[in-house]
Amino acid sequence: MSGEETESVRLLFLQDQVGLLPSEQYPDVAASLLVGGYDSPALRELAGYSPNDPRGARDLWIQARKELGKPFEDDGVARRILVRSWLSEIVGGTLAPRTGVGLVFGKGWLVLGQPPELNHLVALMDDWDDMPQKRDAIGTEIMDAARQALTVW
């Protein structure tokens, strides 16, 4: 597995850790991981599991994490890694500015104690919501602010 693929899988597990991966998606994620070269007994079972039993899927997912050696990481570290990833995606154009800032705000800035390096992004989120007529310009500002935040984050 390539380093990029390994990093994307790490991000997947971190997204799960912060509550961004609904348990109904675990069977599909398990199948994707199997296709990507990851394997464990619980992962195989989960790949064929019904999404209609989220509690059972969650139990299998936790077992698969253990079998794959993918434990939960320190919460602060996990969120900082995710924030950096979202900032990079905003800058790279693969994550819509408002969606990305919403993730940074809800899953990073608030929980991490409102780090000042991200304050401008949060203010721009408010501008986006309050001034729909200026969203193109605000989107550009969000991309610029994300680029700036990456230099210190």
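1. Helices (H or I, at least four residues) and strands (E, at least two) are DSSP runs, numbered from the N terminus. With that convention in hand, the chain can be described as having eight helices and zero strands, and reading along the sequence gives the pattern α-α-α-α-α-α-α-α. Ala145, to which this note returns at the end, lies in helix H8.

2. A word on the source is needed before going further. This is a predicted model, in which local features need pLDDT of at least 70 and side-chain atom pairs count only at pLDDT 80 or more, while totals for chains, interfaces and linings use all residues. Residues are numbered from 1 along each chain as its sequence is written, and side-chain values use heavy atoms, with hydrogens and water left out.

3. Next come the overall dimensions and the surface. The C-alpha trace of the chain spans about 50 × 30 × 25 Å along its principal axes. Its accessible surface comes to about 8,100 Å², and 52% of this belongs to carbon and sulfur atoms; such areas come from the Shrake-Rupley method with a 1.4 Å probe, and for residues only the protein chains shown count as cover. Of the 153 residues of the chain, 39% count as buried, where buried means under 20% relative accessible area, exposed over 50%, and partly exposed in between (1.4 Å probe, protein chains only).

4. Contacts tell us how the sequence folds back on itself. A contact means heavy atoms within 4.5 Å, and among the contacts in the chain between residues at least 6 apart in sequence, 62% join residues at least 24 apart.

5. The largest nonpolar core has 28 residues, and those with the most contacts inside it are Val83, Trp86, Leu87, Leu118, Leu121 and Ile142. At least two residues of this core are supplied by each of H1, helix H5 (75-92), helix H6 (97-109), helix H7 (119-130) and helix H8 (135-152), and the largest share, seven residues, comes from H5. For the student, a nonpolar core is a set of buried Ala, Val, Leu, Ile, Met, Phe, Trp, Tyr and Cys residues joined through side-chain atoms within 4.5 Å.

6. Trp86 deserves a separate look in the viewer: not counting residues up to four places away in sequence, Trp86 touches Leu20, Leu95, Leu103, Val104 and Lys107. There is also a second, separate core of 17 residues, which includes Leu21, Ala30, Leu43 and Ala64.

7. Turning to charge, the chain has 15 positive and 23 negative side chains, and the centres of the two sets lie 3 Å apart. In this count Lys and Arg are positive and Asp and Glu negative, whereas His and the chain ends are not counted; the place of a charge is taken as NZ of Lys, CZ of Arg, CG of Asp or CD of Glu.

8. The structure holds seven salt bridges, a salt bridge being a side-chain nitrogen of Lys or Arg within 4 Å of a carboxyl oxygen of Asp or Glu. One of them joins Arg10 with Glu73, with the closest N and O atoms 2.6 Å apart. Arg10 lies in helix H1 and Glu73 in the loop between helix H4 (54-68) and H5, so this pair ties together parts that are 63 residues apart in sequence. Both partners are partly exposed, Arg10 with a relative accessible area of 29% and Glu73 with one of 27%.

9. The Asp16 and Arg58 side chains meet at 3.2 Å, N to O, and because Arg58 lies in helix H4, the pair ties together parts that are 42 residues apart in sequence. The Arg65 and Asp16 side chains meet at 2.9 Å, N to O, again linking helix H4 to helix H1, here across 49 residues. Arg58 is partly exposed, with a relative accessible area of 27%, whereas Arg65 is buried, with 3%. Beyond these two arginines, the residues that Asp16 touches include Leu21, Tyr26, Trp61 and Phe72, when residues up to four places away in sequence are not counted.

10. Finally, is Ala145 buried or exposed? Ala145 is buried, with a relative accessible area of 10%. Leaving aside neighbours within four places in sequence, Ala145 is in contact with His120, Leu121 and Leu124. The C-alpha atoms of Ala145 and Ile90 are separated by 9.8 Å, although these residues are 55 apart along the chain.
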